[in-house]
Amino acid sequence: MPQGAAAVLRHELIGLSGVFERNVYLVRRYIWWDLAFFVWTIANTLTIVFIGEGVEAAGGQIDVQLITTQLLVGAVVWAYLGVIFEILTETVAWERWEGTIEYTFMAPLSRPVHLFGMGLFAIVYGIIRAILLFGVVALFFDLDLAQADYLAAIVLLLVASISFIGIGMMTAVLPLISPEKGTQLGFMAQGILLVISGVYYPVSVLPEWMQWASTVSPATYALDGLRDAILEGDGLTKMGDEIWPLVLIGAVSIPLGLVVFRIGEQYAKRHGKLKRSG
Amino acid sequence: MTHSNNHNSTPAVVVDGLRKEFFRNDGREGLRRRRKRVAALDGVSFEMRRGETLAILGQNGSGKSTLVRLLSTLLLDDGGSAHVFGHDVSKETRAVRRLINRVSVEASFFKKMSAVENLSYAARFYGMPIRETRERIPEILGRVGFPRERMGEPLEDMSRGMQQKVALARALLTAPILLLLDEPTTGLDPRSKLEVQKFIREIREVHDATVLLCTHDLVEAEELADRVGILDRGRLIELAPAAELKSKYEAATLEAAFFAATGKAFEDEPAEEED
């Protein structure tokens, strides 16, 4: 048996695999729900991406290929971000609903490992879903994607995911503090990112103060970089302007997310909110 | 999974002047909601020796669940202290969590998942790898009387009695040396209740576990526990073997002793509110 630090590390890695394992079981058990949600996401993404052709049909003078691809990237990244936030928020909300929250939070599993486990699963699940979504929606349009650097796009999305998880940890604490309103507050934070990050339009069209806010949103850099990778075929070597801010935001948001979650957990333990619903 | 023998000489549980308060709504003052502090536990003190079974009796709202949740590291106290095998439950949460497990009145699971799935991921949280649980989970489910052919079925399709057996298996799987049982047989049919009680005896005898049992069932308390504590409005007003309590209050039954000690019948009061 490993001793000391090795034993602790082994214990934590097994714990992390348990978080991942549980989410795999849940996906398997809720597979029809997942499929229905995926079909809904495809439909929702299509309604956004068809806007490009709609504007042209209404007489607008636009580059339909460009706008359609930009909207597609925006919609896919937005769907990915939604999945990351949803899974991290479920760290508390779903467990509270099922009644398992007390058992999970009294297990000898460190909170960072617990949250990283949720984050790791969210990335794997989200990336698979984003690739499928991109592929299915792209089939509906006559897009020229021959020059796209998909590998660079996926690596950039992974780098951006670190920041998304940090922010997700902060929103995950909301249902812990407020069982009734916490999840909705999480949606609010997600909505603010949607507005300021240039998901469907360039950030330059926003009022100045919103443009300033967009510089601290990791989604802004993720979207810029992904559009360059898909439309221009830019590789990672050309993405320094996007990668470095993402690394920096990730380096700040992960520790900050852990601290915020810890404060929220202490608050919940002080006020008796670390318990099941009903 | 084994625990250190260092715990042999240390008392299993030492609770000293433990206090926990919650806010409760107390009407309105204009537009502002007025709140008052209510003590859920008010200076509770007791010790448990290793291997002992202690039953805590009390009406709803007496503080039983608050006590269990404090010992489970799910609450922070507002005064006093609690130690599990020498570890402070507020400051050494990780050490305490390795030693304890719990079964509560609600068999809390991901209900769409099977017994094996629920137990598998839970065991991982306690550092048990797949090769250890692959055989251990079916074995332990078999021991609590869970039918092998139903191990892969979603728990939502099973009775409460069956779910509670899985809850016991989950607790036992991690080999806790302190088992916290919060009304584990409430709402079960008589047969399931007897099976769960039989298993609690086995846990104590075979696994040398210390058991804190919070219950509404006075017969259960008398049969299973070495000592019985009476918790009334957050205060531990009695703690003695059942026979001693009956003798002290010249009561024929534990229920009569409870009535004499608290001045109340053993029936429900409003449930504990926490905020």
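Predicted model: local features only at pLDDT ≥ 70, side-chain atom pairs only at ≥ 80, totals over all residues.
1. **Helices 8 and 12 of chain A.** Going by that contact rule, Ala152(A), Ala153(A), Leu156(A), Leu157(A), Ala160(A), Ser163(A) and Phe164(A) of helix 8 meet a set from helix 12 made up of Pro218(A), Tyr221(A), Ala222(A), Gly225(A), Leu226(A), Ala229(A) and Ile230(A). Sorted by type, the contact has 12 nonpolar and 2 polar residues, with no charged ones.

2. **Helices 4 and 10 of chain A.** Here helix 4 (residues 64–89) packs against helix 10 (residues 182–196) at an angle of about 155 degrees, and their axes are 11 Å apart. The cut-off for roughly antiparallel is over 145, so helix 4 of chain A gets that label relative to helix 10 of chain A. Their crossing is right-handed. On the helix 4 side you'll find Trp78(A), Leu81(A), Gly82(A), Phe85(A) and Thr89(A), facing Thr183(A), Gly186(A), Gln190(A), Leu193(A) and Leu194(A) of helix 10. This contact splits into 5 nonpolar and 5 polar residues, with no charged ones.

3. **Where chain A touches chain B.** The contact draws 27 residues from chain A and 30 residues from chain B. On the chain A side, the elements giving two or more residues are helix 1 (4–29), helix 6 (101–105) and helix 13 (240–271). Helix 1 of chain A gives the most, with 10 residues. Charge does turn up on this side of chain A: the tally is 11 nonpolar, 8 polar and 8 charged.

4. **The four-stranded sheet of chain B.** This one is open and antiparallel, with 4 strands in the order 2-1-4-5. Strand 2 (32–48) and strand 5 (87–88) of chain B are the edge strands, each pairing on one side only. Strand 1 (residues 13–29) of chain B pairs with strand 2 over 13 bridges, and Glu29(B) stands opposite Arg32(B) of strand 2. Lying across strand 1, strand 2 and strand 4 (79–84) is helix 1 (residues 64–71) of chain B, which runs at about 70 degrees to strand 2.

5. **The six-stranded sheet of chain B.** It's also open, but the pairing is mixed, and the strand order is 6-7-8-3-9-10. Strand 6 (100–103) and strand 10 (235–240) of chain B each have a single partner strand, so one side of each has no neighbour in the sheet. On average, neighbouring strands of this sheet are turned by 20 degrees against each other, direction ignored. Strand 9 (residues 227–232) and strand 10 of chain B run antiparallel and are joined by 5 bridges; Val228(B) has Ala240(B) as its bridge partner in strand 10.

6. Helix 5 (residues 160–173) of chain B lies across strand 6 and strand 7 (178–182), at about 175 degrees to strand 6. Helix 6 of chain B packs on the sheet too, touching strand 3 (53–57), strand 7 and strand 8 (210–215), and its direction makes about 155 degrees with that of strand 8.

7. **One residue to check.** Glu202(B) sits in helix 6 (residues 190–207) of chain B. Is Glu202(B) buried, exposed or partly exposed? It counts as partly exposed, because it has 15 C-beta neighbours inside 10 Å. The C-alpha atoms of Glu202(B) and Met151(B) are separated by 22 Å, with the two residues 51 apart along the chain.

Note on methods
Residues numbered from 1 in each chain as written. Chains lettered and ligands numbered in written order. Contact = placed C-beta atoms within 7 Å. Nonpolar A, V, L, I, M, F, W, Y, C, P; charged D, E, K, R; others polar. Pairing = 2+ DSSP bridges. Axes fitted to C-alpha atoms, helices over the stretch in contact; angles between N-to-C directions. Buried ≥ 20, exposed ≤ 12 C-beta atoms within 10 Å, placed from the backbone. Parallel < 35°, antiparallel > 145°, perpendicular 65-115°, else oblique. Left-handed = near helix turned anticlockwise from the far one by under 90°.
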